[in-house]
Amino acid sequence: MDNVVNPIVKLEDISYKYTKDLVLEHVSLEIPKGAFLAIVGPNGSGKSTLLKLLLGLFKLQKGKIEIFGEDIRRFKDWQKVGFVSQKANSFNSGFPATVFEVVQSGLTKKIGLFKFASKEDKQKVKKALESVDMLDYQSRNIGELSGGQQQRVFIARSLVSEPELMILDEPTVGVDSKNVHQFYEMLEMLNEKLGITLILVTHDVGTVTDKVTHVACLNKKLHFHGDACEYNDLDEGELSSIYGHGVQLLNHNH
Amino acid sequence: MISGILQFEFLQNAFLTGIIIGALAPLVGVFVVVRRMSMISDALSHVALAGIAFSLLLQKSFLSLAGLNPLYIGMAFSVGGSLFIEKLRGVYKHYQELAIPIIMSGGMGLSVIFISIADGFNTDLYGYLFGSVSAVSRSDLYVILAVGIVVSLMLTLLYKELFLLSFDEEHAKASGIPYKAIHFIFIVMVALVIAASMKIIGILLVSSLMTLPVAASLRFAKGFKQMIVYSVLFGEISVVGGLFLSYNLNLAPGGTIVIIAVLILILSILFDKWKNR
């Protein structure tokens with residue numbers, strides 16, 4: 001990954017602080033098109049801050065971010081970027097919206113201000129629901145579904161605008177362990193079959209390393225960045241230095 | 001009563017205005033409720049009261065202003081209050097709900113001062129507090145109709161953006177839509193609807209017409225559009241039924257409208273329980 005040609009995302013020397021202590025220190029990272037990258041790290045390692053910078057939600061203090069070859073400060077083409085948050089945790093399950101309405105809301109930016117969804121847009125919604133195997137649930141209220149099903153709906157909401165890059169923030173929080181594996185398999189399918197570049201921010205190191213293509217370990221600084229096999233070869237001492245305490249990597253072989 | 005509506009202009013005004021706000025208040029209320037901003041309507045109605053009191057004071061103090069329609073000043077205060085709320089939410093980022101009691105007590109404080117300076121008002125103020133069947137003039141009706149057209153047009157055109165902002169604010173921000181401008185337009189729409197509704201339902205009860213029909217439809221609506229339809233339907237039943245009772249029993253319409261809305265809410269809770277037993 002050192003000599004990436006035309007990376008889809010390029011971070012150059014990013015530093016960020018909320019008060020006086022830096023939460024990100026000189027982070028540089030290049031993510032090639034078609035990668036499935038897991039950004040892992042302990043609590044307070046700056047993962048969420050990095051993600052918010054990548055989504056343009058926080059203003060850059062130091063360094064530079066390029067998305068699709070364009071400086072993030074000038075980047076306007078946000079429909080190319082899908083975002084899936086920790087919905088199962090923060091989601092208001094009493095919200096009276098059907099699965100179809102939720103997925104259609106993913107087209108809001110693409111349809112444009114003062115315009116209405118066309119028949120073609122509605123077909124796109126159905127196609128996105130089909131690709132996450134949730135078409136049968138389109139008329140159900142979102143709150144009636146399980147955590148895993150809800151998260152599939154949120155993936156469909158991102159897919160509907162046909163993004164080239166999808167950013168996922170701890171998407172398996174609140175999803176029961178039985179469905180986590182299926183969820184990652186679905187992400188793998190999106191990456192391999194639809195060619196979507198995925199950036200996954202997660203704690204769930206053991207489960208993801210057999211699914212992702214690349215791993216970046218963040219603990220304020222970028223301690224490791226390479227392909228998943230290299231990460232799996234790291235010994236306990238190297239992992240402990242990243243996490244700041246003893247770590248043993250357990251691979252889930254489902 | 002039907003013959004009364006055909007015969008008397010004030011009844012026509014009251015019923016036509018009632019039909020407009022019966023749809024408009026729940027329509028805006030759907031977004032207010034799902035965004036957990038129900039208290040904002042209470043705060044803005046108290047600011048509108050300050051506007052009304054100020055306008056009545058001006059009328060009393062200056063003969064040349066006797067023709068001034070308090071609806072305009074009430075609207076201006078309500079919209080001004082909405083802008084202050086937004087400003088305060090920005091100042092207290094971690095305690096955004098503080099903006100509501102600040103604006104509410106500020107509005108009430110101003111109202112009390114204006115009423116004291118005027119040494120009390122006549123029945124006009126009573127009408128504004130609890131609603132009145134006879135107080136709606138033809139020019140009020142036209143102003144409220146204009147507000148109705150503007151608000152429904154804006155809500156229709158910005159429906160998908162408002163839905164996204166209500167359902168998932170974080171996603172709305174990340175998607176790149178102009179969420180600040182949309183939120184701002186929405187708050188101004190809420191302020192306008194509150195001011196437009198107060199002649200019929202009264203300042204103290206206006207927030208109930210925004211929340212009760214929505215609370216009732218939340219019990220069983222499938223999807224967001226269905227919730228809008230049920231909310232508007234319940235709003236219309238409450239207003240038309242409330243005005244009918246008000247006229248026949250000589251009661252303030254604010255009370256009768258709210259009581260019908262509460263009855264609909266109780267019935268919808270019972271229906272929901274019965275359905276899910």
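**Figure 1. The area buried between chain A and chain B is about 2500 Å² in this predicted model.** Buried area is the accessible area (1.4 Å probe) that two parts lose on being put together, summed over both. Carbon and sulfur atoms give 64% of this area. A:F95, A:P96 and A:T108 supply 23% of what chain A buries against chain B, more than any other three residues. In contact (heavy atoms within 4.5 Å) are 31 residues of chain A and 29 residues of chain B.

**Figure 2. Two salt bridges are counted between chain A and chain B.** A salt bridge has a side-chain nitrogen of Lys or Arg within 4 Å of a carboxyl oxygen of Asp or Glu. B:K222 forms one with A:E144, and their closest N and O atoms are 2.6 Å apart.

**Figure 3. Six strands of chain A form an open sheet in the order β6-β7-β8-β3-β9-β10, with mixed pairing.** Strands (E, at least two residues) are DSSP runs, numbered from the N terminus, and two of them pair if DSSP finds at least two bridges between them. The edge strands of chain A, β6 (81-84) and β10 (221-227), each pair on one side only.

**Figure 4. Strands β3 (residues 36-40) and β8 (residues 197-202) of chain A run parallel and are joined by five bridges.** A:A38 stands opposite A:L200 in β8(A).

**Notes.** Residues are numbered from 1 along each chain as its sequence is written, and chains are lettered from A in the order in which they are written. In this predicted model, local features need pLDDT of at least 70, side-chain atom pairs count only at pLDDT 80 or more, and totals for chains, interfaces and linings use all residues; side-chain values use heavy atoms, leaving out hydrogens and water.

Definitions and conventions: Helix = DSSP H or I, 4+ residues; strand = E, 2+ residues; numbered from the N terminus.
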